Amino acid sequence: MDALMAALVAALVVQAGDRPAWLAAILADRYRAPATVMLAALVALAAASGIAVAAGLAIAAMLTPAARDLLLAMALVLQGGGALFAHKPPARLARWRLGAFATSLLGLFILCFGDGLQFLVGAIAIRSTMPWLAVVGATLGGIAVLGAAAVMGERDWCRLPRDRIRQGGAVLCLILGMIFGLSGLRLI
């Protein structure tokens, strides 16, 4: 259960100020179909998280427990450091003519693939005895945020204090990253 809760909280914190939620709000307004965008987001988040966990499991056997702590520390610090900087708006995908589901699925998957959350989910998974629960946690946490953005729409989503939310999440990630780093180095 540790992977489930850690990934869920990580996704909530990270996605709240990130671009995929903003894109979900844009696409829900464009297509007037928040439920379709939410379903596409669910699939995109599950796929990106599944790839992250599979990649983590591919290297897990090569890592000592201390190295796993250091990998998690690095993922947290990179996520936190990246979140300190303002994000540019996501591409609006205005020229994409694939329909609400396919545009949302591909657009959100592209934004989610290779971002800091995916690295973080992989690092969380390799420290767990039940790593696949990280997929479930990250998907649930992410869909809570992306679903809220889709329901709210872009105008209301952009009224939220996203910069403060993102910066608060960044500080939290940096602090946790330092703690796991010190633990991995056996200094605490």
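Biologist: Which helix has the lowest mean pLDDT among the elements of the protein chain, and which has the highest?

Modeller: This is a predicted model, and pLDDT is the predictor's confidence in each residue. Among the elements of the protein chain, helix H8, residues 162-184, has the lowest mean pLDDT at 95, whereas H7 has the highest at 98. For the protein chain taken as a whole, the mean pLDDT is 96, and 100% of the residues reach 70 or more.

Biologist: How should I read the angle at which two helices cross, and what are the values for H1 and H7?

Modeller: Angles under 35 degrees count as roughly parallel and those over 145 as roughly antiparallel. The axes of helix H1, residues 2-15, and helix H7, residues 133-159, come within 7 Å and cross at roughly 30 degrees, which means that H1 is roughly parallel to H7. Their crossing is right-handed.

Biologist: Which residues of H1 and H7 meet?

Modeller: On the side of H1, the residues that take part include Ala 3, Leu 4, Ala 7 and Leu 8, and on the side of H7 they include Leu 133, Ala 134, Val 136 and Gly 137. Sorted by class, the residues of this contact of H1 with H7 comprise 14 nonpolar, four polar and no charged.

Biologist: At what angle do H3 and H7 pack, and how far apart are their axes?

Modeller: Helix H3, residues 34-60, packs with H7 at an angle of about 150 degrees, and their axes are 8 Å apart. The two helices, H3 and H7, are therefore roughly antiparallel to each other, and H3 passes H7 in a right-handed crossing. Among the residues that make the contact are Pro 34, Val 37 and Met 38 of H3, together with Ala 134, Val 135 and Ala 138 of H7. By class, the contact of H3 with H7 has 15 nonpolar residues, five polar and no charged.

Biologist: What happens between H1 and H6?

Modeller: The axes of H1 and helix H6, residues 116-125, come within 10 Å and cross at roughly 165 degrees, which means that H1 is roughly antiparallel to H6. H1 passes H6 in a right-handed crossing. From H6, the contact is made by Leu 117, Leu 120 and Ile 124, while the residues of H1 include Ala 6, Ala 10 and Val 14. The residues of this contact of H1 with H6 divide into nine nonpolar, one polar and no charged.

Biologist: Turning to the backbone, what is phi of Arg 32, and where is Arg 32 found?

Modeller: Phi of Arg 32 is near 55 degrees, which is a positive value in a residue other than glycine. Arg 32 is found in the loop between helix H2, residues 19-31, and H3, and with a relative accessible area of 75% Arg 32 is exposed.

Biologist: And is Leu 93 buried or exposed?

Modeller: Leu 93 has a relative accessible area of 12%, so Leu 93 is buried. Leu 93 is found in the loop between helix H4, residues 65-83, and helix H5, residues 100-112, and has a positive phi of about 55 degrees although Leu 93 is not a glycine.

Terms used. Residues are numbered from 1 along each chain as its sequence is written. This is a predicted model: local features need pLDDT of at least 70, side-chain atom pairs count only at pLDDT 80 or more; totals for chains, interfaces and linings use all residues. Side-chain values use heavy atoms; hydrogens and water are left out. Axes are lines fitted to C-alpha atoms, for helices over the stretch in contact, and angles run from 0 to 180 degrees between N-to-C directions. Helices (H or I, at least four residues) and strands (E, at least two) are DSSP runs, numbered from the N terminus. Angles under 35 degrees count as roughly parallel, over 145 as roughly antiparallel, 65 to 115 as roughly perpendicular and the rest as oblique. A crossing is left-handed if the near helix is turned anticlockwise from the far one by less than a right angle, and right-handed if clockwise. Contact means heavy atoms within 4.5 Å. Ala, Val, Leu, Ile, Met, Phe, Trp, Tyr, Cys and Pro count as nonpolar, Asp, Glu, Lys and Arg as charged, and the others, Gly among them, as polar. pLDDT is the predictor's confidence in each residue, from 0 to 100. Buried means under 20% relative accessible area, exposed over 50%, partly exposed in between (1.4 Å probe, protein chains only).
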